[in-house]
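Thank you for making time this morning. Please have the sequence and the model open on your screens, and I will walk you through one part of the chain after another.

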Amino acid sequence: MKGKIISGDIFVSLPRILDNASTLSQNFESEFNRVLAHGILHLCGYKDKTEEEKSQMRAKEDFYINQLHLISTFPNSQTDTLTWMSSRHDINTSKVNRSE
């Protein structure tokens, strides 16, 4: 995907995430991360209609959620996540709005 810019919107329902977290015995942050990873993967072109696609989507979600956990353990909490991810996965983040 090197050199391509991904652009789109991800809409999430916070009440739905709270309900899902409760139903799945997860905390809010874990469920929010999964929903966000899922949306980003859809923007990247991944589908989840067939069992095979669902399995691949879940594996990708798990992979990127684990990457987030690695980032949060860095001594420097100011680590720029987008820069870190782009340096490891050929993701072009040069046009991402980084409003702080």
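Let me begin with a definition: helices (H or I, at least four residues) and strands (E, at least two) are DSSP runs, and they are numbered from the N terminus. What we are looking at is a predicted model, in which local features need pLDDT of at least 70 and side-chain atom pairs count only at pLDDT 80 or more, while totals for chains, interfaces and linings use all residues. Residues are numbered from 1 along each chain as its sequence is written, and side-chain values use heavy atoms, with hydrogens and water left out.

With that settled, the protein chain has four helices and zero strands, and reading from the N terminus the order of its elements is α-α-α-α. I will also speak of burial, where buried means under 20% relative accessible area, exposed means over 50%, and partly exposed is what lies in between, computed with a 1.4 Å probe on protein chains only. Of the 100 residues in the protein chain, 17% count as buried.

Serine 25 sits in the loop between helix H1 (14-23) and H2, and its phi is near 55°, which is a positive value in a residue other than glycine. As background, most residues other than glycine have a negative phi. Serine 25 is exposed, with a relative accessible area of 65%.

H2 itself has 16 residues and reaches 23 Å from its first C-alpha to its last, close to the 22 Å expected at 1.5 Å a residue, where the expected span is 1.5 Å times one less than the number of residues. Its buried residues are Glu31, Asn33, Arg34, Ala37, Gly39 and Leu41. Phenylalanine 32, also in H2, counts as partly exposed, because its relative accessibility is 26%. Between phenylalanine 32 and alanine 21 there are 8.4 Å in space, C-alpha to C-alpha, although the two are eleven residues apart in sequence. After H2 comes glycine 45, whose phi is positive, near 105°.

Now, how many salt bridges does a search of the whole structure find? It finds four, a salt bridge being a side-chain nitrogen of Lys or Arg within 4 Å of a carboxyl oxygen of Asp or Glu. In one of them, the side chains of aspartate 62 and arginine 34 meet at 2.8 Å, N to O. That pair links distant parts of the chain, since aspartate 62 is in helix H3 and arginine 34 is in helix H2, 28 residues apart. Aspartate 62 is partly exposed at 31% relative accessibility, whereas arginine 34 is buried at 19%.

A further salt bridge joins arginine 58 and glutamate 61, whose closest N and O atoms are 3.1 Å apart. Both lie in helix H3, three residues apart, about one turn of the helix. Arginine 58 is partly exposed, at 43%, while glutamate 61 is buried, at 3%. Salt bridges that share partners join Arg34, Arg58, Glu61 and Asp62 into one network.

Also in helix H3 is glutamine 56, which is partly exposed with a relative accessible area of 42%. Its C-alpha is 8.5 Å from that of tyrosine 46, ten residues away in sequence.

Finally, the second largest pocket. On a 1 Å grid over the protein atoms alone, a pocket is an open set of points where a 1.4 Å probe fits, with protein on both sides within 12 Å along at least five of seven lines, and lining residues have an atom within 4 Å of a point. The second largest pocket is lined by 15 residues, and Leu24, Glu31, Arg34, Arg58 and Glu61 lie nearest its centre. The elements giving two or more residues to this lining are helix H2 (28-43) and helix H3 (51-72).
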